[in-house]
Amino acid sequence: MAAVGGGAFHYVYSGTATAAKKPARGAPPAPVTVASATLRDVPLVLELVGRAEAYASVTLKARVDGQIAALPFTEGQTVAAGEVLARLDPADFDARLQQAEANLARDRAQLTKAQRDVERLQALKGRGFVSDQQLADARIAADALAATLRAEQAAVESVRLQRGYATIKAPFAGVIGAKLVSPGATVKANDTALAVLNQVRPIYVSFTVPERHLPRLRAALRAGAMPVTVAIPGHGERRFTGEARFLDNAVDPTTGAIQMKATVTNDAQALTPGQFLNVSLTLETLSAAVTVPTIAIQQGPQGAFVFVVKADGTVETRPIAVTLRQAETAVIGQGLHAGETVVTDGQLRLTPGAKVQIKAGGG
(Lines give C-alpha, C1' and ligand atoms only; values in the text may rest on other atoms or scores of the structure.)
Protein backbone atom coordinates (compact mmCIF):
# COMPACT_ATOMS: atom_id res chain seq x y z
CA MET A 1 0.00 0.00 0.00
CA ALA A 2 1.52 3.38 -0.97
CA ALA A 3 0.01 6.86 -0.70
CA VAL A 4 0.03 8.91 -3.92
CA GLY A 5 -1.38 12.47 -4.17
CA GLY A 6 -3.51 12.17 -1.05
CA GLY A 7 -5.25 9.01 -2.30
CA ALA A 8 -4.29 5.33 -2.18
CA PHE A 9 -2.70 3.18 -4.84
CA HIS A 10 -2.59 -0.62 -4.61
CA TYR A 11 -1.08 -2.82 -7.30
CA VAL A 12 -1.82 -6.53 -7.33
CA TYR A 13 0.16 -8.88 -9.53
CA SER A 14 -1.89 -11.99 -10.35
CA GLY A 15 0.62 -13.67 -12.58
CA THR A 16 -1.58 -13.41 -15.72
CA ALA A 17 -1.83 -10.74 -18.38
CA THR A 18 -5.64 -10.64 -18.23
CA ALA A 19 -5.65 -9.73 -14.53
CA ALA A 20 -3.24 -6.83 -14.99
CA LYS A 21 -4.28 -3.34 -15.87
CA LYS A 22 -3.37 -2.38 -19.44
CA PRO A 23 -1.48 0.86 -19.95
CA ALA A 24 -3.44 3.78 -21.27
CA ARG A 25 -2.82 4.70 -24.92
CA GLY A 26 -0.52 7.61 -25.37
CA ALA A 27 0.60 7.54 -21.70
CA PRO A 28 4.07 9.05 -21.34
CA PRO A 29 6.91 6.63 -20.56
CA ALA A 30 7.42 6.10 -16.84
CA PRO A 31 10.88 7.17 -15.63
CA VAL A 32 12.67 4.26 -13.99
CA THR A 33 16.08 3.21 -12.74
CA VAL A 34 17.31 -0.17 -13.93
CA ALA A 35 20.08 -2.70 -13.34
CA SER A 36 21.29 -5.75 -15.21
CA ALA A 37 21.06 -9.27 -13.81
CA THR A 38 24.63 -10.49 -13.50
CA LEU A 39 26.43 -13.77 -12.96
CA ARG A 40 28.74 -13.83 -9.95
CA ASP A 41 29.99 -16.04 -7.16
CA VAL A 42 28.04 -15.20 -4.02
CA PRO A 43 29.25 -16.30 -0.57
CA LEU A 44 26.48 -17.51 1.74
CA VAL A 45 27.29 -15.57 4.90
CA LEU A 46 25.63 -15.84 8.32
CA GLU A 47 25.71 -12.73 10.50
CA LEU A 48 26.04 -13.81 14.13
CA VAL A 49 26.98 -12.49 17.55
CA GLY A 50 29.95 -14.04 19.31
CA ARG A 51 32.22 -13.57 22.28
CA ALA A 52 35.99 -13.63 22.49
CA GLU A 53 37.58 -16.32 24.67
CA ALA A 54 41.16 -16.83 25.79
CA TYR A 55 42.99 -19.43 23.73
CA ALA A 56 44.32 -20.74 27.04
CA SER A 57 43.69 -19.53 30.57
CA VAL A 58 45.24 -20.50 33.88
CA THR A 59 44.75 -19.35 37.46
CA LEU A 60 48.22 -19.22 38.98
CA LYS A 61 48.55 -21.01 42.33
CA ALA A 62 51.51 -22.06 44.43
CA ARG A 63 52.32 -25.78 44.54
CA VAL A 64 53.71 -25.44 48.08
CA ASP A 65 52.76 -23.60 51.25
CA GLY A 66 54.66 -20.39 51.85
CA GLN A 67 54.72 -16.63 52.13
CA ILE A 68 54.70 -14.30 49.12
CA ALA A 69 58.05 -12.54 48.85
CA ALA A 70 57.50 -10.72 45.56
CA LEU A 71 55.12 -10.39 42.63
CA PRO A 72 57.48 -8.96 39.96
CA PHE A 73 54.92 -8.17 37.25
CA THR A 74 52.76 -5.24 36.25
CA GLU A 75 49.03 -5.89 36.18
CA GLY A 76 47.71 -6.14 32.63
CA GLN A 77 51.13 -6.50 31.01
CA THR A 78 52.06 -8.98 28.31
CA VAL A 79 54.41 -11.63 29.69
CA ALA A 80 56.60 -14.17 27.93
CA ALA A 81 56.58 -17.91 28.54
CA GLY A 82 58.88 -18.71 31.48
CA GLU A 83 58.82 -15.19 32.91
CA VAL A 84 58.85 -15.06 36.73
CA LEU A 85 55.48 -13.93 38.09
CA ALA A 86 55.75 -14.73 41.81
CA ARG A 87 58.34 -15.72 44.38
CA LEU A 88 57.76 -17.33 47.77
CA ASP A 89 60.14 -16.78 50.71
CA PRO A 90 62.78 -19.53 50.17
CA ALA A 91 64.23 -19.52 53.72
CA ASP A 92 62.28 -22.56 54.92
CA PHE A 93 63.11 -24.51 51.76
CA ASP A 94 66.81 -23.61 52.06
CA ALA A 95 66.90 -24.91 55.63
CA ARG A 96 65.20 -28.16 54.69
CA LEU A 97 67.52 -28.60 51.73
CA GLN A 98 70.58 -28.14 53.95
CA GLN A 99 69.22 -30.72 56.37
CA ALA A 100 68.52 -33.22 53.59
CA GLU A 101 71.99 -32.69 52.09
CA ALA A 102 73.57 -33.23 55.52
CA ASN A 103 71.69 -36.50 55.99
CA LEU A 104 72.83 -37.56 52.53
CA ALA A 105 76.48 -36.83 53.35
CA ARG A 106 76.19 -38.79 56.63
CA ASP A 107 74.70 -41.84 54.93
CA ARG A 108 77.28 -41.67 52.15
CA ALA A 109 80.09 -41.79 54.73
CA GLN A 110 78.45 -44.68 56.60
CA LEU A 111 78.05 -46.60 53.32
CA THR A 112 81.74 -46.06 52.50
CA LYS A 113 82.73 -47.46 55.92
CA ALA A 114 80.37 -50.46 55.53
CA GLN A 115 81.79 -51.28 52.10
CA ARG A 116 85.36 -51.19 53.48
CA ASP A 117 84.29 -53.44 56.35
CA VAL A 118 82.99 -55.96 53.81
CA GLU A 119 86.32 -55.84 51.92
CA ARG A 120 88.29 -56.30 55.16
CA LEU A 121 86.15 -59.23 56.36
CA GLN A 122 86.37 -60.82 52.92
CA ALA A 123 90.18 -60.82 53.21
CA LEU A 124 90.09 -62.20 56.77
CA LYS A 125 87.67 -64.95 55.80
CA GLY A 126 90.16 -66.22 53.25
CA ARG A 127 92.61 -66.66 56.10
CA GLY A 128 89.99 -68.30 58.31
CA PHE A 129 89.70 -65.49 60.88
CA VAL A 130 85.95 -64.72 60.36
CA SER A 131 82.92 -66.86 59.78
CA ASP A 132 80.56 -66.86 56.81
CA GLN A 133 77.86 -65.39 59.03
CA GLN A 134 80.00 -62.39 59.98
CA LEU A 135 80.72 -61.66 56.34
CA ALA A 136 77.04 -62.04 55.40
CA ASP A 137 75.99 -59.65 58.21
CA ALA A 138 78.48 -57.05 56.97
CA ARG A 139 77.18 -57.31 53.44
CA ILE A 140 73.56 -56.93 54.62
CA ALA A 141 74.53 -53.82 56.60
CA ALA A 142 76.22 -52.34 53.52
CA ASP A 143 73.19 -53.07 51.32
CA ALA A 144 70.86 -51.46 53.88
CA LEU A 145 73.00 -48.33 53.97
CA ALA A 146 73.01 -48.22 50.14
CA ALA A 147 69.21 -48.25 50.17
CA THR A 148 69.15 -45.55 52.84
CA LEU A 149 71.50 -43.47 50.70
CA ARG A 150 69.15 -43.72 47.72
CA ALA A 151 66.26 -42.62 49.92
CA GLU A 152 68.23 -39.61 51.13
CA GLN A 153 69.12 -38.71 47.55
CA ALA A 154 65.40 -38.78 46.69
CA ALA A 155 64.67 -36.61 49.75
CA VAL A 156 67.24 -34.04 48.60
CA GLU A 157 65.73 -33.99 45.11
CA SER A 158 62.22 -33.58 46.58
CA VAL A 159 63.27 -30.55 48.65
CA ARG A 160 65.03 -29.06 45.61
CA LEU A 161 61.82 -29.44 43.61
CA GLN A 162 59.82 -27.79 46.37
CA ARG A 163 62.31 -24.95 46.47
CA GLY A 164 61.89 -24.63 42.70
CA TYR A 165 58.12 -24.40 43.19
CA ALA A 166 58.75 -21.30 45.29
CA THR A 167 59.40 -19.50 42.00
CA ILE A 168 56.23 -19.35 39.86
CA LYS A 169 56.70 -18.77 36.12
CA ALA A 170 54.34 -18.12 33.22
CA PRO A 171 53.47 -21.45 31.53
CA PHE A 172 52.80 -19.63 28.23
CA ALA A 173 52.94 -16.15 26.76
CA GLY A 174 49.89 -14.03 27.47
CA VAL A 175 48.36 -11.13 29.38
CA ILE A 176 48.49 -11.24 33.17
CA GLY A 177 45.54 -9.94 35.16
CA ALA A 178 45.21 -8.26 38.53
CA LYS A 179 47.23 -9.30 41.58
CA LEU A 180 44.92 -11.32 43.82
CA VAL A 181 47.35 -11.36 46.77
CA SER A 182 50.02 -9.00 48.07
CA PRO A 183 53.63 -9.59 49.17
CA GLY A 184 53.67 -10.89 52.73
CA ALA A 185 50.49 -12.93 52.33
CA THR A 186 50.61 -16.59 53.29
CA VAL A 187 49.43 -18.95 50.55
CA LYS A 188 48.26 -22.54 50.67
CA ALA A 189 49.42 -25.14 48.20
CA ASN A 190 47.05 -25.49 45.20
CA ASP A 191 44.49 -23.30 46.94
CA THR A 192 45.32 -19.58 46.96
CA ALA A 193 44.89 -17.84 43.59
CA LEU A 194 47.68 -15.39 42.79
CA ALA A 195 46.61 -14.05 39.36
CA VAL A 196 44.97 -15.15 36.10
CA LEU A 197 47.01 -15.50 32.89
CA ASN A 198 45.22 -15.48 29.51
CA GLN A 199 46.72 -16.40 26.17
CA VAL A 200 45.27 -14.00 23.59
CA ARG A 201 47.49 -14.58 20.55
CA PRO A 202 45.73 -16.36 18.96
CA ILE A 203 42.28 -15.95 20.51
CA TYR A 204 39.06 -17.94 20.27
CA VAL A 205 35.77 -16.42 19.14
CA SER A 206 32.80 -18.52 20.31
CA PHE A 207 29.37 -18.23 18.68
CA THR A 208 26.22 -20.28 18.08
CA VAL A 209 24.59 -21.23 14.78
CA PRO A 210 20.93 -22.28 14.33
CA GLU A 211 20.62 -26.03 13.96
CA ARG A 212 18.95 -25.76 10.53
CA HIS A 213 22.40 -24.98 9.13
CA LEU A 214 23.94 -28.21 10.47
CA PRO A 215 24.06 -30.07 7.09
CA ARG A 216 25.88 -27.15 5.45
CA LEU A 217 28.20 -26.76 8.43
CA ARG A 218 29.22 -30.41 8.44
CA ALA A 219 29.72 -30.43 4.67
CA ALA A 220 31.86 -27.29 4.85
CA LEU A 221 34.00 -28.56 7.73
CA ARG A 222 34.67 -31.83 5.90
CA ALA A 223 36.28 -29.73 3.19
CA GLY A 224 38.43 -27.82 5.68
CA ALA A 225 38.30 -24.75 7.90
CA MET A 226 35.47 -22.27 7.36
CA PRO A 227 36.43 -18.61 6.84
CA VAL A 228 35.21 -16.17 9.47
CA THR A 229 35.32 -12.38 9.67
CA VAL A 230 35.07 -10.69 13.07
CA ALA A 231 34.27 -7.05 13.80
CA ILE A 232 33.97 -5.03 17.01
CA PRO A 233 30.45 -3.56 17.38
CA GLY A 234 30.54 0.12 16.55
CA HIS A 235 33.88 -0.27 14.78
CA GLY A 236 32.89 -2.18 11.66
CA GLU A 237 35.80 -0.71 9.72
CA ARG A 238 38.16 -2.89 11.78
CA ARG A 239 37.72 -6.46 10.68
CA PHE A 240 39.71 -9.53 11.65
CA THR A 241 39.86 -12.77 9.70
CA GLY A 242 39.94 -16.24 11.22
CA GLU A 243 39.05 -19.88 10.67
CA ALA A 244 36.33 -21.98 12.28
CA ARG A 245 37.22 -25.63 12.84
CA PHE A 246 35.35 -26.55 16.02
CA LEU A 247 31.71 -27.66 15.92
CA ASP A 248 30.25 -28.87 19.21
CA ASN A 249 28.98 -32.42 19.52
CA ALA A 250 25.43 -31.53 20.59
CA VAL A 251 22.72 -28.96 19.90
CA ASP A 252 21.56 -26.95 22.91
CA PRO A 253 17.92 -28.09 23.34
CA THR A 254 16.94 -24.81 25.06
CA THR A 255 18.06 -22.58 22.16
CA GLY A 256 18.09 -24.91 19.15
CA ALA A 257 21.61 -23.73 18.33
CA ILE A 258 25.01 -25.39 18.22
CA GLN A 259 28.25 -23.84 19.39
CA MET A 260 31.21 -23.16 17.14
CA LYS A 261 34.63 -21.64 17.72
CA ALA A 262 36.88 -19.72 15.38
CA THR A 263 40.56 -18.97 15.83
CA VAL A 264 41.74 -15.41 15.14
CA THR A 265 45.45 -14.51 15.17
CA ASN A 266 44.89 -11.27 17.14
CA ASP A 267 48.52 -10.21 16.68
CA ALA A 268 47.75 -6.62 17.72
CA GLN A 269 45.77 -7.84 20.78
CA ALA A 270 42.79 -5.75 19.66
CA LEU A 271 40.40 -8.47 20.89
CA THR A 272 39.98 -9.21 24.59
CA PRO A 273 38.48 -12.30 26.28
CA GLY A 274 34.82 -11.72 27.16
CA GLN A 275 34.32 -9.07 24.47
CA PHE A 276 31.13 -9.19 22.34
CA LEU A 277 31.83 -9.37 18.61
CA ASN A 278 29.98 -9.44 15.29
CA VAL A 279 30.79 -12.64 13.41
CA SER A 280 30.36 -13.26 9.68
CA LEU A 281 30.55 -16.98 8.90
CA THR A 282 30.82 -18.07 5.27
CA LEU A 283 28.87 -21.32 4.89
CA GLU A 284 29.47 -21.85 1.18
CA THR A 285 29.87 -19.98 -2.09
CA LEU A 286 27.15 -20.09 -4.74
CA SER A 287 29.00 -20.26 -8.05
CA ALA A 288 27.81 -18.43 -11.19
CA ALA A 289 24.59 -17.29 -9.50
CA VAL A 290 22.17 -14.84 -11.17
CA THR A 291 22.02 -11.75 -8.97
CA VAL A 292 20.01 -8.51 -8.95
CA PRO A 293 19.76 -5.65 -6.45
CA THR A 294 17.39 -6.55 -3.65
CA ILE A 295 15.32 -3.40 -4.27
CA ALA A 296 14.30 -4.79 -7.68
CA ILE A 297 12.24 -7.56 -6.07
CA GLN A 298 8.50 -6.94 -5.57
CA GLN A 299 5.96 -9.03 -3.69
CA GLY A 300 2.53 -10.04 -4.98
CA PRO A 301 -0.16 -12.58 -4.11
CA GLN A 302 1.65 -15.18 -6.20
CA GLY A 303 5.03 -14.47 -4.60
CA ALA A 304 8.12 -12.55 -5.64
CA PHE A 305 8.44 -10.94 -9.09
CA VAL A 306 10.44 -8.30 -10.95
CA PHE A 307 9.72 -5.87 -13.76
CA VAL A 308 11.86 -6.84 -16.75
CA VAL A 309 12.58 -4.21 -19.41
CA LYS A 310 12.16 -5.66 -22.92
CA ALA A 311 13.94 -4.62 -26.09
CA ASP A 312 10.99 -2.46 -27.23
CA GLY A 313 11.17 -0.31 -24.09
CA THR A 314 8.18 -1.87 -22.36
CA VAL A 315 8.14 -3.91 -19.16
CA GLU A 316 6.77 -7.29 -18.24
CA THR A 317 6.23 -8.86 -14.86
CA ARG A 318 8.33 -11.95 -14.26
CA PRO A 319 7.73 -14.40 -11.39
CA ILE A 320 11.02 -15.41 -9.75
CA ALA A 321 12.34 -17.74 -7.08
CA VAL A 322 14.69 -16.01 -4.65
CA THR A 323 17.40 -18.31 -3.35
CA LEU A 324 19.13 -15.85 -1.06
CA ARG A 325 18.82 -12.26 0.10
CA GLN A 326 22.04 -10.88 1.47
CA ALA A 327 22.60 -7.19 2.19
CA GLU A 328 21.80 -5.35 -1.06
CA THR A 329 22.06 -8.40 -3.32
CA ALA A 330 19.50 -11.12 -4.08
CA VAL A 331 20.30 -14.46 -5.72
CA ILE A 332 17.66 -15.60 -8.21
CA GLY A 333 17.16 -19.33 -8.52
CA GLN A 334 14.52 -19.32 -11.30
CA GLY A 335 12.77 -16.89 -13.62
CA LEU A 336 15.62 -14.61 -14.68
CA HIS A 337 18.71 -14.89 -16.85
CA ALA A 338 21.99 -13.03 -16.74
CA GLY A 339 21.97 -9.92 -18.93
CA GLU A 340 18.27 -9.16 -18.55
CA THR A 341 17.38 -5.67 -17.31
CA VAL A 342 15.22 -5.21 -14.24
CA VAL A 343 13.64 -2.10 -12.75
CA THR A 344 15.13 -1.03 -9.44
CA ASP A 345 13.20 2.20 -8.85
CA GLY A 346 9.84 3.52 -10.10
CA GLN A 347 7.90 0.25 -9.91
CA LEU A 348 4.79 1.91 -8.40
CA ARG A 349 4.00 3.60 -11.73
CA LEU A 350 4.39 0.44 -13.78
CA THR A 351 1.91 -2.05 -15.23
CA PRO A 352 2.65 -4.92 -17.61
CA GLY A 353 3.33 -3.54 -21.09
CA ALA A 354 3.98 0.01 -19.88
CA LYS A 355 6.56 2.08 -21.70
CA VAL A 356 9.54 3.15 -19.59
CA GLN A 357 12.21 5.77 -19.87
CA ILE A 358 15.49 4.89 -18.20
CA LYS A 359 16.79 7.74 -16.10
CA ALA A 360 20.21 9.10 -16.86
CA GLY A 361 22.81 7.10 -14.99
CA GLY A 362 20.39 4.19 -14.42
CA GLY A 363 21.40 0.73 -15.66
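## From one loop outward

T314 is found in the loop between strand 17 (303-309) and strand 18 (315-319). The model is predicted. T314 counts as buried because its relative accessibility is 9%, and the cut-off for buried is under 20%. Its side chain makes a polar contact of 2.6 Å with the side chain of D312. Beyond the neighbours within four places in sequence, T314 touches V308, V309, G353, A354 and K355.

The structure holds 2 aromatic pairs. F305 and F307 form an aromatic pair of the edge-to-face kind. Two values are needed here: a pair of aromatic rings is described by the distance of the centres and the angle of the planes. Are F305 and F307 buried or exposed? Both are buried.

The charged end of K261 sits over the ring of Y204, 5.0 Å from the ring centre. The charged end of K261 sits over the ring of F246 as well, and there the distance to the centre is 5.9 Å.

Now turn to helix 1. It covers residues 91-126, which makes 36 residues. At 1.5 Å a residue, helix 1 should span 52 Å. The C-alpha atoms at its ends are 53 Å apart, so the two values agree. Which residues of helix 1 are buried? They are F93, L97, A100, L104, D107, L111, A114, V118 and L121. The spacing has a simple background. An α-helix has 3.6 residues a turn, so residues three or four places apart point the same way. The buried residues of helix 1 pack against helix 2 (132-165). After helix 1 comes G128, with a positive phi near 80 degrees.

An open sheet is formed by 4 strands in the order 8-7-5-10, with antiparallel pairing. Strand 8 (167-169) and strand 10 (186-187) stand at the edges. Each has a single partner strand, so one side of each is left without a neighbour in the sheet. Strand 5 (residues 66-70) and strand 7 (residues 84-88) are joined by 2 bridges and pair in the antiparallel sense. I68 has L88 in strand 7 as its bridge partner.

A86 is found in strand 7 too. A86 is buried because its relative accessible area is 3%, under the 20% cut-off. Setting aside neighbours within four places in sequence, A86 is in contact with A70, L71, P72, A166, T167, I168 and L194. The C-alpha atoms of A86 and L60 are separated by 9.2 Å, while the two residues are 26 residues apart along the chain.

Strand 3 (residues 30-36) has partners of both senses. Strand 3 runs parallel to strand 22 (residues 356-358), and 3 bridges join them. V32 is paired with I358 in strand 22. Strand 3 runs antiparallel to strand 21 (residues 341-345), and 4 bridges join this pair. There S36 stands opposite T341.

Strand 12 (residues 226-232) is mostly covered, with 5 of its 7 residues buried. Strand 12 pairs with strand 13 (residues 235-247) in the antiparallel sense over 7 bridges. The two form a hairpin with 2 residues between them. G234, in the turn, has a positive phi of about 85 degrees. Strand 12 also pairs with strand 15 (residues 276-293), again in the antiparallel sense, over 4 bridges. A231 links to both partners. Its bridge partner in strand 13 is R239, and in strand 15 A231 stands opposite N278.

A few backbone details complete the tour. The peptide bond from R201 to P202 is cis, with omega near 0 degrees. P202 is found in strand 11 (residues 193-210). N190 has a positive phi of about 55 degrees although it is not a glycine. N190 lies in the loop between strand 10 and strand 11. N190 is exposed, with a relative accessible area of 55%. Q269 is another residue other than glycine with a positive phi, near 55 degrees. Its place is the loop between strand 14 (257-264) and strand 15. At 26% relative accessibility, Q269 counts as partly exposed.

Terms used: Residues are numbered from 1 along each chain as its sequence is written. This is a predicted model: local features need pLDDT of at least 70, side-chain atom pairs count only at pLDDT 80 or more; totals for chains, interfaces and linings use all residues. Side-chain values use heavy atoms; hydrogens and water are left out. The expected span of a helix is 1.5 Å times one less than its number of residues. Buried means under 20% relative accessible area, exposed over 50%, partly exposed in between (1.4 Å probe, protein chains only). Contact means heavy atoms within 4.5 Å. Two strands pair if DSSP finds at least two bridges between them. Rings of Phe, Tyr and Trp (its six-membered ring) pair if their centres lie within 6.5 Å; planes under 30 degrees apart count as stacked, over 60 as edge-to-face and the rest as tilted. A charge sits over a ring if NZ of Lys or CZ of Arg is within 6 Å of the ring centre and within 35 degrees of the ring normal. A polar contact is a pair of N or O atoms within 3.5 Å; within protein, one must be able to donate a hydrogen and the other to accept it, and residues adjacent in sequence count only if both atoms are side-chain atoms.
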